[in-house]
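Subject: Structure for your review

Dear colleague,

Please find the structure below, followed by an account of what was found in it.

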Amino acid sequence: MDTFNDQMNEYQVNWRKDNVTSSEWGSQNRKRYPWILPAGLWQEGLWPGIRSGSQYSLPDYLRRNQVQKHQGVHNLKSSWMLCANLYFPFDASDEDRSLVGDFLQAHVCAQVRSVDALELEYEEEGDLHPASLLGEMGGGRGAGQTSPDIAFLVNGGRGLVLCENKFVEHSFYPCSARRREGSVQRPGNPDPARCKDALAVLDDPDSLCHQIKWGRKYWQYLQPVYNRERVSSLRCCPAARAGYQLFRQQALAEGIAASGKYDWVVSCVALDERNERLRSCLRGTGIADVRQWGQLFDGKASFAVFSHQQWVAWVRAHDGGGRWANWLSYVESRYGYGQ
């Protein structure tokens, strides 16, 4: 069956014919594909308005904030690049941030009144840094830690929206601690079968979750707030098969919310509504649609999902002065986000 990923293979190959200076195939994970650019040409996959030399340069932002771009940025199907193209440009002015704020209020959280800043690969500092909060040592913004793809700081610093951005991915990936093989720093899991009993794991993570053996603190924030009735219907731990990224971001959001720094925190997902495989990837866990993820927890942090199509449609409908006409044309040709 033709999957959304397959469709995007063909779509991006066709797009590059008229929009990239080289037809040479690039490589990723030692394999070459026509939808991958030579590594040095990665910026040709960016909207021109955020390339080097532009007024709101993404490369300058990355250097200035010590953010590590993803290794696959030369892949035209990169969700990291899609995130940069769709959302990063809208931090350029108060007017643009207001456009984002109105969208978030309508589709993510009714409490949003204003957007103060957009940040890629977001991390807090001090006690709320992922190393301290989650026990994720040795990472940085964009690598080795839970850094949401994009965050929206809102309401004069009183609210926070953390967003995982997806495009062609098939899932939110299985838990990294279920492998029997390991290392000195991260010993292998002696009994991955333990993860199949969701309620047992959530009742006693100290004994049954191998992430704790690695020094991770996710359960410190999620165990006190899980919905016992909902979790009892699951076929495995919510992180085990396809929800690991959701699990980590929910723990991050709950930990930040519990600190009291913000009045409220939202963990959310931005996805392509055509990617049915991603939306249903948690069925094996016992969750029919990713939008139901938030039902597992009754904590201070809420959960939401919106689509890239909703965002582009919002800009099209509310860009009264035509400021974003070139961008709208670009995302339509680049990703198929037309009317």
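Contact here means heavy atoms within 4.5 Å. Helices (H or I, at least four residues) and strands (E, at least two) are DSSP runs, numbered from the N terminus. This is a predicted model, in which local features need pLDDT of at least 70 and side-chain atom pairs count only at pLDDT 80 or more, while totals for chains, interfaces and linings use all residues. Residues are numbered from 1 along each chain as its sequence is written, and side-chain values use heavy atoms, with hydrogens and water left out.

Helix packing

In helix 1, Met8, Tyr11, Gln12 and Trp15 meet Tyr330, Glu332, Ser333, Arg334 and Tyr335 of helix 14. This contact between helix 1 and helix 14 comprises five nonpolar, two polar and two charged residues. For these classes, Ala, Val, Leu, Ile, Met, Phe, Trp, Tyr, Cys and Pro count as nonpolar, Asp, Glu, Lys and Arg as charged, and the others, Gly among them, as polar.

The axes of helix 1 (residues 4-19) and helix 14 (residues 325-335) lie 8 Å apart, and the packing angle is about 125°. Helix 1 is therefore oblique to helix 14. Axes are lines fitted to C-alpha atoms, for helices over the stretch in contact, and angles run from 0 to 180 degrees between N-to-C directions. Angles under 35 degrees count as roughly parallel, over 145 as roughly antiparallel, 65 to 115 as roughly perpendicular and the rest as oblique.

Helix 3 (residues 79-86) also packs with helix 14, at an angle of about 160° and with the axes 11 Å apart. Helix 3 is therefore roughly antiparallel to helix 14. Met81, Leu82, Asn85 and Leu86 of helix 3 form the contact with Trp327, Tyr330, Val331, Arg334 and Tyr335 of helix 14. Seven nonpolar residues, one polar and one charged make up the contact of helix 3 with helix 14.

Five strands form an open sheet with mixed pairing, in the order 3-4-5-6-7. Strand 3 (115-120) and strand 7 (301-307) are the edge strands, each pairing on one side only. Two strands pair if DSSP finds at least two bridges between them. On average, and with direction ignored, neighbouring strands of this sheet are turned by 20° against each other.

Strand 4 (residues 150-154) and strand 5 run antiparallel and are joined by five bridges. Leu162 in strand 5 is the bridge partner of Ala151. The hairpin of strand 4 and strand 5 has four residues between the strands, and Asn155 takes a positive phi near 55° there.

Strand 5 (residues 159-165) and strand 6 (residues 264-271) run parallel, with seven bridges joining them. Leu160 stands opposite Val265 in strand 6, and Asn165 has Ala270 in strand 6 as its bridge partner.

Strand 5 is mostly covered, with seven of its seven residues buried. Gly159, Val161, Cys163 and Asn165 are buried on one side, and Leu160, Leu162 and Glu164 are buried on the other. Buried means under 20% relative accessible area, exposed over 50%, and partly exposed in between (1.4 Å probe, protein chains only).

A buried asparagine

Asn189 lies in the loop between strand 5 and helix 6 (198-203). Asn189 counts as buried because its relative accessibility is 2%. Leaving aside neighbours within four places in sequence, Asn189 is in contact with Ala177, Arg178, Arg179, Arg180, Arg194 and His210. Arg179 is 10 residues from Asn189 in sequence and 5.7 Å away in space, C-alpha to C-alpha.

Yours sincerely
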